[in-house]
Amino acid sequence: MTKTLEFAYETPQEVKVGDDETTFTLVCKNEDLPVDLTTAKLITVKIGNRSGYLRGQLISIDSLAKLPIGQFNFSFDKDTLANFPTGNYFLEVWVTDAQGTSIYPSGNPLNFIVTANIENSSGATITTITFDDFVKAMNKAASTIAKGDKGDKGDTGTVDNTGLISAPAFQSLQTQADTTQTNAETALSEERATSVEVQDARTNSSSQTYPTLKERMDSQENDLNNSINAKISEISSVPETFANLSVLQSTYPNGKTGLFVTADTGHKFIWANSTWIDAGVYQSVGIADGAISVDKLSFEPENVLERSEKLDNKVIVDNNPDNTVLLGDNQYSTVFKVPFTESGVIRFPKIQPVSGQVMFCVDENEKMTFRVDWSGLPSFSRYGYTISNDFIEIDLTKVNEISDGVYLYLSVPTASLGTFSVEGIGTIDLDTFKSLNTEPYKNKPENLQELSDSFTSTISVEKLVSKRLEGYDPTSGVIALADEGNYMTVKLEQLPKQGVLKLPQSKTDTAQLFVLSDIKGCYKNIDYNSHSGTWYDNENGLLKIDLAELYNSEPNMYTMYIGYLMSDNDNWYQEAEKIAPFENVFKWGYSEPYDALTDDNFNLPNYVPLVSGKESYIYFDNLLIGKNLYAKPLAVTAVNQRDDKVVLTNTSDVVNEINYDGKIVDIPIKSVPGNAGSGKNINVMVIGESTSEAGDYMKALADNFTNDVAKINFVGTRSSWGIKHEARSGWGAGTLRYVAEANGATNSFINPSTGTFDLDYYFANHPDVAVPDIVLLNFGINDTNRYTTNGTTETQMDHYEFFIKQFKAKNPNVIFIVGLSHSVNRWSNYWFDQGRDAIMKITKQTNEQFKEREAERIFLNPQYVCLDMRLDFPHSEVPSNQFSDITTNVGTNNVHPATSGYKNIALMAYNAIKYALLKTL
């Protein structure tokens, strides 16, 4: 039987000399299961070092009462650490019970470190003597004791051995003798010739012998300092300067060591290989943070127009009803059709077309993905497109992530063609040093005519409390605000060109409802008596602003002021919360409802297992593909509904019905009794990627079985928080099958002679790993064939079937639990529906492939249903913009859950394991 000794999670593994309060918490296991130490008669901690055994220390059995099974606390006696030199030490635990004595661990002892305290490192000399020196000193002392007259013979006495041994003087002498013997044995074990070593240490390389080693080291230090100072004195930190290279060459025709600068070019020159070498521009000062802009960088860009299709006498008028580009004739305009690349940046001067649109981006079917007309706005940044005061810049990497852009139609006045160019910079990541708007962007909407809250806009919102919107000064264009406590003015800037802005209804009873401003100043107001217009409607609890109609009527509008009345019964925030049920007060709404949902829009689990007494969840959004309930809410109802989820607590099999706006789906819930697997010892191997490797996940999974009737032993060659597994961060199923090493991790399953996954090879080289009874398999977030160079046409299901076949060859009764992976989170700054849907489609395919195969001992783990894709992921609260006291939440990790999320998916894995045990045992 394999016995192990481990440090418990977060226990220290080192202690300072003299520190008798530091406690090690140790865990004794047998076959990776904790050992009940409370039945022991005697527990002794044996301590040793390289020279061998040093001493033992007893552990009180009573101290185990409040500790988990297998654990005990160990603190060093004061005298022990006071006399241990710093260095590496070893521990064994000897446990004696009715059956005999067990020694933990079976293999090499557990290592710990004794470190120095401040007294050890104060500079004082700590004398070390050998055992022989000690004996000689004692003999010498004894020989100097004068002998007296012989006395009368006394009575025969007794020796109090216990008292003698426990006497402080004897204990001190014993400790010194132990330490001296240890030092002596160490010297002997290393075969030191101590007298020869000391003599050699005092002799330098010139055969000069010093009286002491210190004198030799002091002399050597002085020589080294003098040598370094001499070299430094030869170095000049100020270069010599010359008018040009010819003067330098004539002054030093045979060269000279140092740095030389010529004034005509500003370049530095060095002498190398018998010639003067130009080493580039000399710069004597550092570069200040933020001092370099894209304009100052030279990447030798290409002129993209040279590889573009030129359409003479054309302008971009608009888009056709089918969203293709509509070109018109104009002798003063030229249109270029610019091909996109997969990465890089294209950049061109900000231009005003003769008419119509500046640029129009299309996909491979010539359908619009993005367009920009001439708006006169000073700046704009969204979806990878940035418009500054002087330039338009397109980050192709970002564009390709959120849309299917293939070509850019660009309208240029023909008169400008002589000086106009489009620069392309490829395969260089400019994000590290360019100043682009870093506000997160998201996926394109289903209908490009409308802007939904699945987009990030550059909108700026400022709330001016206790300010009544009076109007503006027509001469200066300055906004006019009056101080009055019951009123508030909301200032909006950089509004998008499309979509419907929904705000609480303004019930102001005086002054202005709206004041509009362009970049020069205010130019128009609409008073409080107006309830509707071509672009707004201020009734029925809502102020709705049609942005497309707004800009059609007011093309130069840049800033909008809205007047609000804040009465006791009509608090602006309360009204806003009624209208915007999610985190943000301002939401971008669709003017069109969802299309009717079909079966293709759902990723439904075959069943959800639940152990009696446990609570789990089904989040409505997690069952959808191609839809985003947090971006565009949908009426969803269900039994046991709590907000955006169903709460599962049932103790019998049920079918949970969920109604998605008229589309009803059924989710079977399989109830599992708590005694499933009772009395069984089960070896479980967890295989997967980073979410399975995470310590939070493995600990939560193990904790679920701590007091369970089924005893689980986790097996593998890797561990997280002391729990064994075979998960590797960043890997896909194809990586595990074909790659020997990737992302800093090696593959224990790869047979080097074949270059593929080989289970026989694995167990032959790791005989300490038990063949698993259950394999918990979970890939899905990462690309299936990441890091692979072969087998890239194989699907995740192909790889899973291969793994199942291999393990069944080793254990025909092995149980496979196939994980149905979660996707990316739903915090708005991470919205990427295309990537999210791609993962969910693989999850759906995996479910279809392995459902209803329980007769083959294959089960499902639908962990994707139970995660709150926002609150179960890391997030933080930030101001909605730099001037606002309204806050919003943003995600800080896209794929890795927070601790609560790991606990939720670990609980679902526990439910799945218990369900599999119920069905197979």
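Predicted model: local features only at pLDDT ≥ 70, side-chain atom pairs only at ≥ 80, totals over all residues.
I started with helix α12 and listed its buried residues: Gly 695, Tyr 697, Met 698, Ala 700, Leu 701, Ala 702 and Asn 704. Buried here means under 20% relative accessible area, exposed means over 50%, and partly exposed is in between (1.4 Å probe, protein chains only). That makes seven of the ten residues in α12 (695–704), so I noted the helix as mostly covered. Helices (H or I, at least four residues) and strands (E, at least two) are DSSP runs, numbered from the N terminus.

Residues are numbered from 1 along each chain as its sequence is written, and side-chain values use heavy atoms, without hydrogens and water.

Next I looked up helix α17 (899–920). I got 22 residues and 32 Å from first C-alpha to last, close to the 32 Å expected at 1.5 Å a residue (1.5 Å times one less than the number of residues). Of its 22 residues, 17 are buried, so α17 is largely enclosed by the rest of the structure.

Then strand β18 (345–349): four of its five residues are buried, so the rest of the structure largely encloses this one too. I found five bridges joining β18 to β23 (391–395), and the two run antiparallel; pairing takes at least two DSSP bridges. Pro 349 has Phe 391 of β23 as its bridge partner.

Last, I checked Ile 277, which sits in strand β14 (275–281). Its relative accessibility is 34%, so I filed Ile 277 as partly exposed.
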